[in-house]
Every structure is written in C-alpha cells, then in structure tokens.
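I opened a new notebook page for this structure. My plan is to go from the whole chain to single residues.

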Amino acid sequence: MAEDGPTGILPAHRIAALAEAGQIRPATPFDADQIQPASLDLRLGPVAYRVRASFLPGPSATVAERIEALKLHEIDLTSGALLEPGRSGGVYIVPLIEELALPADIAAATNPKSSTGRLDVFTRVITDRSREFDTVAAGYTGQLYLEISPRTFPIIVRAGSRLSQIRFRRGNARLDDTALKALHAETPLVDGDPQIADGLMLSIDLGGDERTVGYRAKRHTGLVDVDRRDAYDMHEFWEPIAIRGRRELILDPDQFYILVSREAVHVPPDYAAEMVPFDPLVGEFRVHYAGFFDPGFGHSESGGAGSRAVLEVRSHEIPFILEHGQSVGRLVYEHMLERPRELYGQGIGSHYQAQGLKLSKHFRVG
C-alpha cells in the first residue's frame, strides 16, 4: 500500500466522504448515528446462514461459495430471529448491508462493538479471498460478511442490527513505544506511571473488600434482544463477584466474566486506540472481544476523567487464577488523519464514557 502523504485513522467526516464517493456502498441509507468519531457501525442484512463450521475462504474462493458448500439452514432476519449458542458454539454467517470499493491507499480493520463483546457474542468480519479475519485489504471491492457465534446467551437479531464496526486507515499510523511515552508525557494516557511494552499495558482491578469487582455470566438464561436498551434485570443474567481476603479470582473453565482495568484510560482527541490480543504465554484466558477506543474516550475535552477499560474475560480448558494488578491486556495507539469534529461522549449518545465496571447497555443494574 502506498504511504505517500499523511497517514492516520479516518475520522467521521472522512468516512462520510468515502460513502459520498461510492467507496462505501450501503444497500440502504446510513442510520443517523451509524458513523462514530473514528469508525462506522456495520449492519446485518436480511438473511443469515447457519454453517457447519467457521472458515476463511482463502485466495481462490468467495465467501458466498464457501457458504453454499457449508450451510445447514437459511434464516430470515427481516422480522428478527433467534441465534442460539451451542455446545461448541453455533456459527452463523450474515452478509452485511455495507459493501466496499476502497481506494488503493485505504485499508480497514473490524471489531465487535463494545455491547456485542459484553454479551459474549463472538463476531468477526470476512471478506472474499481473504486469509485473515477482521482485516480488509487496501483497495478491496466487494461484500462484507459477519460471522456470529453467541457463546453464553441466546440472542435476537434482525436486519439492521449493529454488532460490529469498521475503522479505516491510510498507511501505518501506529505509535511505537518511544512515541507512546512521549505522548503520555504530553497528555497522560493513564493515571499513574504507565507500563509501556509494545503498547500500553493494562492490569486487572480485583482490589477492595466487600466491593463488586466483576460479574460472572449465568447459564440457561432468557434471551437478549440486541436492539433493546435497559430492557433486562441484570440479576437474571449475571452473578456479581465480590473479593474477600486475598485479592484474586479463579476463572472457571469456559465461563464468561466482565471485569475492569485498574487503570483509568485516556484517548486524546488526535488519537484512536485498540485493545489487541495479549501474549498467550501469560495465561490460559482470552481478554476483550471488542477492541476500538474512539478519540476522546475518557478524555477531559469530551467530558471524561479517565474511563476504565471493561474486560471481557473467558478462561479456556483449565481453571486459572487472576491476581490484582496482573497484566491482562494492552492498548495500541494510532494517530488520526485529522481530528474528528465530534469526540466520543460529546452529545453523540456514547454509552460508556467515564465508565467503571459496567455491563452492556441491555441490562438494568440495581
């Protein structure tokens, strides 16, 4: 990909310009709040396919060709449909409403939306002839597809539901550790001294007696409609976790947890951040399905005073002990191509600004 000229993450007005130029091609007009400060929400199309297994098409096939070979059932989403978790995870593929015809110097990456990850719904975007999930090559022209695997709760989705988001970038915009330390010296990225090693390290907060430090998902619950807000009593779906005595938590195998970082995170207005996979050698667990942090997240200019990173945690095949202050994730920062005209939290309905430990928007707490 050519990198002549400025590099960076495209802000909202640049995303809108891509659509106006026909380089993002939605089958129906964008929703009013679909474009975020540094990303675009992606919408489900009207049909889903239950398939036998997850797949990547590889360089010689389209996703549609692979669906035709692997599909078990076709599901109409126009009026809403139930997607169920299975023992090994039900796998559904949905063509998205948005198609792309990207310029040769613009690539993209995708991630689940925050509320999707906090429901333990595993999603990733697939493109034709691709060897990687959640990566859209510069100059890509074609359909986008979303793989959906509910892990804990049965969910209701419909055409237009927004489970994933896409971020567009020109060139390599990532800050190395030297640049990250300089940025922290200029405008603090976390409270206290940062731990920087191939990104900004985040640790787990399990401190404080008689305080809820997380939530464990219950099994065999009712369903969750992904488009309903404040609709469900959290106690029917979640078990609060309080730490007594030693500040540690044993993760049960194949159980889902919502925890929170010890650090309060700041993303300055000229930057965006992403939670990236943590070194698997440090423990048998996965952290954070949803990875995008928009410009202004937790920042004073957009009404924040530091926001905790909510961590979606799942242990693998064996129990694993997490201890207070243990490093569990890392944020990488990228500079914006231009500052967004609106920041995260500035009157745009941002649900997680100034958050601490917080469940997804679907649940009533109290």
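**Cores.** I began with a term: a nonpolar core is a set of buried Ala, Val, Leu, Ile, Met, Phe, Trp, Tyr and Cys residues joined through side-chain atoms within 4.5 Å. I also noted that the model is predicted. Then I looked up the largest nonpolar core, which has 48 residues. Ile148, Phe168, Trp238 and Phe363 have the most contacts inside it. Strand E8 gives the most to this core, with four residues. I checked the domains as well: at least three residues of this core come from each of domain 1 (8-170) and domain 2 (177-364). A second, separate core has 34 residues, including Val213, Leu249, Leu259 and Tyr333.

**Whole chain.** I looked up the overall figures next. The protein chain has four helices and 28 strands. Of its 366 residues, 57% are buried. I then took the contacts between residues at least 6 apart in sequence: 82% of them join residues at least 24 apart. The accessible surface comes to about 15,400 Å². Carbon and sulfur atoms hold 46% of that surface.

**Ile148.** Which residues does Ile148 contact, leaving aside neighbours within four places in sequence? I found Leu44, Leu83, Gly90, Val91, Tyr92, Val94, Val121, Phe122, Thr123, Ile155 and Leu163.

**Helix H2.** This helix spans residues 63-70. I listed its buried residues: Val63, Ile67 and Leu70. Seen down the axis of H2, they fall within an arc of 80 degrees, so they line one face of the helix. I recalled the general rule: an α-helix has 3.6 residues a turn, so residues three or four places apart point the same way. What covers the buried residues of H2? The cover includes E5, E6 (71-76), E8 (91-101), E10 (121-127) and E12 (141-150).

**Tyr49.** I picked a residue in E5, the strand of residues 47-51. Is Tyr49 buried or exposed? Tyr49 has a relative accessible area of 15%. Buried means under 20%. So Tyr49 counts as buried. Apart from neighbours within four places in sequence, Tyr49 contacts Ile67, Lys71, His73, Glu74, Val91, Tyr92, Ile93 and Pro95. I also looked up one C-alpha separation: Tyr49 and Tyr92 are 43 residues apart along the chain, and their C-alpha atoms are separated by 5.4 Å.

**A three-strand sheet.** I traced an open sheet with mixed pairing, in the order E7-E13-E17. E7 (81-83) and E17 (224-225) are the edge strands, and each pairs on one side only. E13 (residues 155-157) pairs with E17 in the parallel sense over two bridges. Ile156 stands opposite Asp225 in E17.

**A four-strand sheet.** I traced another open sheet, in the order E15-E27-E22-E24, with antiparallel pairing. E15 (200-203) and E24 (292-293) stand at its edges with a single partner strand each, so one side of each is left without a neighbour in the sheet. E22 (residues 271-276) and E27 (residues 327-335) pair over six bridges. In that pair, Met275 stands opposite Leu331.

**Arg216.** Then I turned to strand E16 (residues 212-217), where Arg216 lies. At 15% relative accessibility, Arg216 counts as buried. Not counting residues up to four places away in sequence, Arg216 touches Phe237, Trp238, Glu239, Ile241, Leu249, Asp252, Gln255, Phe256 and Tyr257.

**Phe256.** The relative accessible area of Phe256 is 1%, so Phe256 is buried. Leaving aside neighbours within four places in sequence, its contacts include Gly117, Arg118, Thr152, Tyr215, Arg216, Trp238 and Glu312. Thr152 is 104 residues away along the chain, and the C-alpha atoms of Phe256 and Thr152 are separated by 7.6 Å.

**E21 and E25.** My last entry covers a strand pair. E21 and E25 run antiparallel and are joined by seven bridges. The bridge partner of Ile258 in E25 is Glu312. How many residues of E25 (residues 307-315) are buried? I noted eight of nine, so this strand is mostly covered.

Notes:
Residues numbered from 1 in each chain as written. Predicted model: local features only at pLDDT ≥ 70, side-chain atom pairs only at ≥ 80, totals over all residues. Heavy atoms only, no water. Buried < 20%, exposed > 50% of the residue type's maximum accessible area, 1.4 Å probe, protein only. Contact = heavy atoms within 4.5 Å. Pairing = 2+ DSSP bridges. Arc of directions from axis to C-beta. Areas by Shrake-Rupley, 256 points an atom, 1.4 Å probe, with all protein chains shown as cover. Domains from an automatic or database assignment.
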